[in-house]
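Welcome to my notebook. Here I jot down what I looked up, one entry at a time.

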Amino acid sequence: MTADVVVLDYGSGNLRSAERALAAAGAAVRVTDDLAAAAAADGLVVPGVGAFAACMAGIDALGAGPVIAERVAAGRPVLGICVGMQVLFEYGEEHGVVTKGLGLLPGGVTRLAAVRLPHMGWNTVRAARGSVLFAGLPAESRFYFVHSYAMGEPAALAAAGAAVTTAHHDTDFVAAVERGPLSAAQFHPEKSADTGAALLRNWLATLPSGD
């Protein structure tokens, strides 16, 4: 059976490219702000571009936070992409302003300690041992990044029981995380050509109707 996937529309961008990539990977995809559909889908994708605070404001205005949290608590798959990954953490700090996140992953998102920002373009990643998202992909596969902020404490996140994939841009940062039903990528799999498509297929295969 084909997995039913909802791309959550809470006013952020990056919706249609994610929709197209997931459809190409084999999912039946809907872009919607319908929280009942988001709760019921086999898989929920939380996209996000721009500022952490703006994305959280959109999620709060829609009332989507509890739906995302309830899915994770019930063991129902969620995939965060870019700022959609960042909002899963406890907080984000931008320009000295701290914004509360969803708190589904420990720690916070801060400005990358890098000379060149934004970190934009292709970069290799070091996949976590036993990663499901990166299964079958060559070592140090390349993905497309566009960001100035990230979770910068991979070891602390790993100590909390997550499988942590890292990348390096002057400093190590969290490129992807997997913990139970919750998966997330700082890069854009929908813009990452064949490697991104393979990652999305791996995620779809974890869904109740994805095998």
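**Entry 1: Ala25**

I started with Ala25, and I found Ala25 in the loop between α1 and β2. Helices (H or I, at least four residues) and strands (E, at least two) are DSSP runs, numbered from the N terminus. A note on the source: this is a predicted model, where local features need pLDDT of at least 70 and side-chain atom pairs count only at pLDDT 80 or more, while totals for chains, interfaces and linings use all residues. Residues are numbered from 1 along each chain as its sequence is written, and side-chain values use heavy atoms, with hydrogens and water left out.

Is Ala25 buried or exposed? I read a relative accessible area of 15%, so Ala25 is buried (buried is under 20%, exposed over 50%, partly exposed in between, with a 1.4 Å probe and protein chains only).

Which residues does Ala25 touch? Leaving aside residues up to four places away in sequence, I noted Ala197, Leu200, Arg201 and Leu204 (contact means heavy atoms within 4.5 Å). I also looked up Ala139: Ala25 and Ala139 are 21 Å apart in space, C-alpha to C-alpha, and 114 residues apart in sequence.

**Entry 2: helix α7**

Next I turned to α7, which covers residues 193-204 and has 12 residues. From first C-alpha to last, α7 reaches 17 Å, close to the 16 Å expected at 1.5 Å a residue (the expected span is 1.5 Å times one less than the number of residues). Among the buried residues of α7 I listed Leu199, Leu200, Trp203 and Leu204. What covers the buried residues of α7 includes β1, α1, β3, β4, β9 and β13.

**Entry 3: salt bridges**

How many salt bridges does a search of the whole structure find? I got three (a salt bridge is a side-chain nitrogen of Lys or Arg within 4 Å of a carboxyl oxygen of Asp or Glu).

- Asp4 and Arg30 pair up at 3.4 Å, N to O. Asp4 lies in strand β1 and Arg30 in strand β2, so this pair ties together parts 26 residues apart in sequence. Asp4 is partly exposed at 22%, and Arg30 is partly exposed at 39%.
- Glu19 and Arg16 meet at 3.0 Å, N to O. Both lie in helix α1, three residues apart, about one turn of the helix.
- Arg126 and Asp172 have their closest N and O atoms 2.9 Å apart. Arg126 lies in the loop between β8 and β9 and Asp172 in strand β12, so the pair ties together parts 46 residues apart in sequence. I noted Arg126 as partly exposed at 33% and Asp172 as partly exposed at 35%.
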